Amino acid sequence: MGCQSQQQDTEKSVFSWHKQEVLNGKDDFFNTLQSFNVQNVYQYFSSDLTDDQIDSFINECSQQDISVYYLCGTPEYALSENYTQLSQEIERAKYISQLTNENNIKGIVLDIEPYLLDEFEDDAKSIMSEFYDNLKQAYTLAKSYDLKMIVCIPYYYDTQNLTSFLENLLKDGCDGIAIMNYYQSHEAQHIQTEIELCQKYQKECINIFELSAPEDGITEENTYYDEGISTAMEHFQMIQENYDEYKLSLCFHDYHYLKELLENE
C-alpha cells in the first residue's frame, strides 16, 4: 500500500484548541482538513463562545462531512475531588449536542494527564485509582447521553506498572483510547500492549502524532515538525503493517501545525 493510498484509507482526526477556528478561521480550517481528508475534529469550546457560534461551527462541519468531538481536559480532573467538574464537562457536551436536532456532536475526548500533577511522583498509585474511578463514572454518564468517549493516554503506562489501569480503562471506562505516541523510535512496539487490550475488549485505538515545533519540552524525537507530514504517514503505515488485523486511526496534534506543515510540503 502506497502512502497516498494509506492517506485515503486511514481515518484521520485533528486536535483544535483555539476558538478562532470556531469564529473566523473556518475557510482555512476546512480547506486544510479537506486537503488531507480529515474526518474528525476534536474541538475545544471556550466558555466565552455563544450557543449560536458553536451551533454554526458544528453545522458547517456537518456540511463538510466532518464529525465534531467535544475536547476538554486538565490534570486535576483525575482527582476524585474534581469529579463534579469533569461531570459538568460531560453535561456541557450533551447540551452542545442538543443545540440542533440535525447535526449533533459525535462524542467527547478527554485529554487528562494525571502525571503532570505535582503529587503524582509521590502518590501515583492512588491518583491513578481516583482517575480510573472518575473515568468509569464519566463513561457511564456519557453513554447515558449517547456520547462516544475517547480517553487520551501516553504510550508508556504499561512500562510504569499501570497495565492493570489500562485493562480496566478499556474494559469499562471508555469507547476507545487515543495514544500520544510521541517518540520516533519503536513506535509500533510502544503501543503493542494497548492494541492487544483494544482487540480484547473491542475498543477503538487512535495513534496520535505530535507536529508542534521542538520547544517547551518537546524534543525533535517527539515531533514530526522537521520531518513533515509525508514522513509521519510513512511511519504510521509501518505501525499499521505491524497490526494488519487491527484497523488503527490517526490523529495529529494539532490543527495549526498540521496547516503549517501541509503548506510546506
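Thr32 is buried, with a relative accessibility of 8%; buried means under 20% relative accessible area, with a 1.4 Å probe and protein chains only. The model is predicted, so local features need pLDDT of at least 70, side-chain atom pairs count only at pLDDT 80 or more, and totals for chains, interfaces and linings use all residues. Residues are numbered from 1 along each chain as its sequence is written, and side-chain values use heavy atoms, without hydrogens and water.

**Thr32**
- Thr32 sits in helix α3, residues 26–35. Helices here are DSSP runs (H or I, at least four residues), numbered from the N terminus.
- Leaving out residues up to four places away in sequence, Thr32 touches Tyr255, Leu258, Lys259 and Leu262. Contact means heavy atoms within 4.5 Å.

**Largest pocket**
- The largest pocket holds about 250 Å³ of space. A pocket is an open set of points on a 1 Å grid over the protein atoms alone, where a 1.4 Å probe fits, with protein on both sides within 12 Å along at least five of seven lines. A volume is the space filled by probe spheres set on the points.
- Its lining has 13 residues, and Tyr182, Glu210, Asp216, Ile218 and Asn222 lie nearest the centre. Lining residues have an atom within 4 Å of a point.
- That lining divides into eight nonpolar, two polar and three charged residues. Asp, Glu, Lys and Arg count as charged.

**Second largest pocket**
- The second largest pocket has a volume of about 180 Å³.
- Its lining includes Ala124, Lys125, Tyr132 and Phe165.
- Helix α6 gives the largest share of this lining, five residues.
- By type, the lining has five nonpolar, five polar and one charged.

Notes: Helix = DSSP H or I, 4+ residues; strand = E, 2+ residues; numbered from the N terminus. Buried < 20%, exposed > 50% of the residue type's maximum accessible area, 1.4 Å probe, protein only.
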